[in-house]
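This report goes through selected features of the structure shown below, one element at a time.

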There are 2 protein chains.
Amino acid sequence: MIAIDWGTTSMRAFLLDKGGTVLEQRRLGLGILEAAGHFATALGTAIDGWDDPLIVMAGMIGSRQGWIEVPYVDCPAGPREIMSALHGVPPLEFDGRDVWIIPGLRALDPAGGCDVMRGEETQICGVIDELGCQRQTVCLPGTHSKRASVMAGRVETFATAMTGEIFELLCAHSMLGRLMSPAREPDSDAFALGVIHARRDGDLLHHLFAVRTLGLFDVLSREQLRSFLSGLLIGHELNDLPVDCGTVHLIAAPSLLVAYEAALRLRGHAVRAHAEVAAAHGCYRLASLAGLLPQWGSA
Amino acid sequence: MIAIDWGTTSMRAFLLDKGGTVLEQRRLGLGILEAAGHFATALGTAIDGWDDPLIVMAGMIGSRQGWIEVPYVDCPAGPREIMSALHGVPPLEFDGRDVWIIPGLRALDPAGGCDVMRGEETQICGVIDELGCQRQTVCLPGTHSKRASVMAGRVETFATAMTGEIFELLCAHSMLGRLMSPAREPDSDAFALGVIHARRDGDLLHHLFAVRTLGLFDVLSREQLRSFLSGLLIGHELNDLPVDCGTVHLIAAPSLLVAYEAALRLRGHAVRAHAEVAAAHGCYRLASLAGLLPQWGSA
């Protein structure tokens, strides 16, 4: 089968064998913003040369701006609830193949607000069988980091933190960014200082100004300020982790994995790292649960 | 005399009579970034036609990027401490006139960090005689909002919040900004919702994502999201106000004054608004205390 993780600005495509092992993967810049209006053509380009009859897609491709809007599934939800809401793309729209879109999740909170994810639920499904029954936490760092509380094979609730987007904005466009030298290697001491600084009294809006004062009084060099800011923001994201969050499972690209693992250990959390390929495993798991694979196996 | 509030990206010049009343004021885009390397020429342009022999300047003009770097005065400090550290510009550098730069303030915190201001200390000096002896708070909202704790005529300590800069960044460059319609009139209901939302559990990095979900589920219109974000950020800034902060004195331009006054009242604070012209009054107050005015009066 073919698994697709199709986000706003990029896409990853995976070719899997019958047992769910990834044979080949591709990363393309072809996000849904760029592919809008010609999703079938874009998909054709992405999987060129792969002729498997089953395609399972996760991510923003199921959003209002995507191919077909697939309603969110409400938490608590696990692979079974998500699988029941898989949404088929009409065969005529793509090459006669069997194409499915995985729904996102919605978490309602007691105060009447809510949070949403599209794509991360599939990555969580890719590791959920390894988590056991106790409450544990899955962190998916990124532009919009997701932190999910998982128990007994279901996502109980989750929350988004705009950590990555704020970091990029501040580096590219803020007064703080002008104080920094272009990124070289991350500085682990300055990063740790930021993670610890985030535990102080005061709001993030105040803590951010420390980037200026630490630079002004030469406590940190222009090279170190970027790592300090990264630690400060990740530290603030982790401030929301409940004390009883259990082992924290990280799913991320290698560079983010290193940073978050360091920050979580500084805060005394037990951590386990998972590969980003969890997205492909999640698609496979859901397709298997939906009974899509046997048909394909016998084709 | 002439009072100048010279910031990073703009400058205000005031012509005062002998009693300290503002006769005329000018606002120019000529900040220290633009004027770098030719401060005397820029000053000449700003005060063209005003030939008073005494000029007192506050703000970033006394920073490392300014005309002359004037060392910070440490808190606690009031008009007397600030006045003692006034720094003269050599007469030959500007037209033979008597030109002074007011130092900024630095607040050390017990954890070893510090905060700084340049310009706001002068605005505080402009209203400090009206505050009495009890602990009160002066808020100076803006790109980098300052919140100062004042008691018995001295600034005890203060803190910066990057509220205005983060708001502008998010509107101009973030995913949230793309969800908003261009600003028309502020929406006071959406603003209040943001101020209240800021009191919920969770970090700002998480709360920001509410702009997305409230838009996604049509709780707020594209026009209202901007006001909600403004309320959310100002609310976060105010989360750091101590319970015993006393009356909150606001010094700001009219539009910010309205927003902060509404937010403070929603939080149950006693508020008093002051005009932005406090900067001119502060320069006058310090010049008077330094004995600069009598010389000028008898000239």
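## Helix H12 of chain A

In this predicted model, the buried residues of H12(A) are Ala278(A), Ala279(A), Ala280(A), His281(A), Gly282(A), Cys283(A), Tyr284(A), Arg285(A), Leu286(A) and Ala287(A). Because 10 of the 12 residues of H12(A) are buried, the helix is largely enclosed by the rest of the structure.

The helix runs over residues 278-289 of chain A. From the first C-alpha to the last, H12(A) reaches 16 Å, close to the 16 Å expected at 1.5 Å a residue. After H12(A) comes Gly291(A), which has a positive phi near 75 degrees.

## Leu286 of chain A

Leu286(A) lies in helix H12 of chain A. This residue has 24 C-beta neighbours inside 10 Å, and the cut-off for a buried residue is 20 or more, so Leu286(A) counts as buried.

Which residues is Leu286(A) in contact with, once its neighbours within four places in sequence are left aside? They are Val56(A), Pro79(A), Ile82(A), Met83(A), Leu86(A), Ile102(A), Thr122(A) and Cys125(A). Cys75(A) is 211 residues from Leu286(A) along the chain, and the C-alpha atoms of the two are separated by 17 Å.

## The six-stranded sheet of chain B

In chain B, six strands form an open sheet with mixed pairing, in the order S3-S2-S1-S4-S7-S6. Strand S3 (22-28) and strand S6 (87-89) of chain B are the edge strands, each pairing on one side only. With direction ignored, neighbouring strands of this sheet are turned against each other by 20 degrees on average.

One of the pairings joins strand S4 (residues 54-59) and strand S7 (residues 98-101) of chain B, in the parallel sense and over four bridges. Within it, Leu54(B) is placed opposite Asp98(B) of S7(B). Helix H12 (residues 278-289) of chain B packs on the sheet, where it touches strand S1 (2-6), strand S2 (11-16), S3 and S4 of chain B. The direction of this helix makes about 120 degrees with that of S4(B).

## Gly215 of chain B

Gly215(B) belongs to helix H9 (residues 209-216) of chain B. Is Gly215(B) buried or partly exposed? It has 18 other C-beta atoms within 10 Å, and therefore Gly215(B) is partly exposed.

Not counting residues up to four places away in sequence, Gly215(B) touches Leu179(B), Leu220(B), Arg222(B) and Leu225(B). For Leu225(B), the separation from Gly215(B) is 10 residues in sequence and 7.1 Å in space, C-alpha to C-alpha.

## How the two chains are related

## The contact between the chains

Chain A gives 34 residues to the contact, and chain B gives 34 residues. On the side of chain A that touches chain B, two or more residues each come from strand S9 (114-117), strand S12 (154-161), helix H5 (163-173), helix H8 (204-207), helix H9 (209-216) and helix H10 (222-239) of chain A. H5(A) gives the most to this side, with five residues. By class, the side of chain A that touches chain B has 17 nonpolar, 11 polar and six charged residues.

Why do the copies meet through the same surface? The reason is that 100% of the interface residues of chain A are also interface residues in chain B.

Key. Residues numbered from 1 in each chain as written. Chains lettered and ligands numbered in written order. Predicted model: local features only at pLDDT ≥ 70, side-chain atom pairs only at ≥ 80, totals over all residues. Expected span 1.5 Å × (residues − 1). Contact = placed C-beta atoms within 7 Å. Pairing = 2+ DSSP bridges. Axes fitted to C-alpha atoms, helices over the stretch in contact; angles between N-to-C directions. Nonpolar A, V, L, I, M, F, W, Y, C, P; charged D, E, K, R; others polar.
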